[in-house]
Amino acid sequence: MEKELILLTEYCKNSRAELDFILSLEREGLIIMEIRNNIKYLLLSQLKDMELFTRLHYDLSINIEGIDVIHNLLSRMEEMEQELVVLRRQLAP
């Protein structure tokens, strides 16, 4: 199955995210980019996270390390919510 990709330069042009910011996210492991023919692409599946990271950084002035902490906490909350759903189903009559 072919991955859906967004050209990095197009994403920067159509959003308010700067290239250096996105490259910092990649260095910290918050996003993964695909490289084809020496051109970087974002995975479409990461678009929701990219929008969150961009808002956190530009609207709230949160640095990359803070974004990483928030991302980890939100991921953990999602896991806990899913676990809660499973437990509720198990307890339901």
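Strands β1 and β3 run antiparallel and are joined by 3 bridges; strands here are DSSP E runs of at least two residues, helices are H or I runs of at least four, and both are numbered from the N terminus. The model is predicted: local features need pLDDT of at least 70, side-chain atom pairs count only at pLDDT 80 or more, and totals for chains, interfaces and linings use all residues. Residues are numbered from 1 along each chain as its sequence is written, and side-chain values use heavy atoms, with hydrogens and water left out.

**Sheet**

- The 3 strands form an open sheet in the order β1-β3-β2, with antiparallel pairing; two strands pair if DSSP finds at least two bridges between them.
- Because β1 (5–7) and β2 (33–36) stand at the edges with a single partner strand each, one side of each has no neighbour in the sheet.
- From one strand to the next, the twist averages 40°.
- In the pairing of β1 with β3, leucine 7 stands opposite tyrosine 41.
- Antiparallel pairing also links β2 to β3 (residues 39–43), over 4 bridges.
- Arginine 36 stands opposite isoleucine 39 in β3.
- The hairpin of β2 and β3 has 2 residues between the strands, and asparagine 37 takes a positive phi near 55° there.

**Helix packing**

- Helix α2 (residues 19–27) packs against helix α3 (residues 47–60) at an angle of about 115°, and their axes are 12 Å apart.
- Axes are lines fitted to C-alpha atoms, for helices over the stretch in contact, and angles run from 0 to 180 degrees between N-to-C directions.
- On the α2 side the contact (heavy atoms within 4.5 Å) is made by Phe21, Ile22 and Leu25, and on the α3 side by Met50, Phe53, Thr54, His57 and Tyr58.

**Nonpolar core**

- The largest nonpolar core has 20 residues, of which Phe21, Ile22, Leu25, Ile31, Leu42 and Ile67 touch the most other members.
- Such a core is a set of buried Ala, Val, Leu, Ile, Met, Phe, Trp, Tyr and Cys residues joined through side-chain atoms within 4.5 Å; buried means under 20% relative accessible area, exposed over 50%, and partly exposed in between, with a 1.4 Å probe and protein chains only.
- At least two residues of this core come from each of α1 (8–14), α2, α3 and α4 (64–91).
- Beyond its neighbours within four places in sequence, phenylalanine 21 is in contact with Phe53, Thr54, His57, Tyr58, Ile64 and Ile67.
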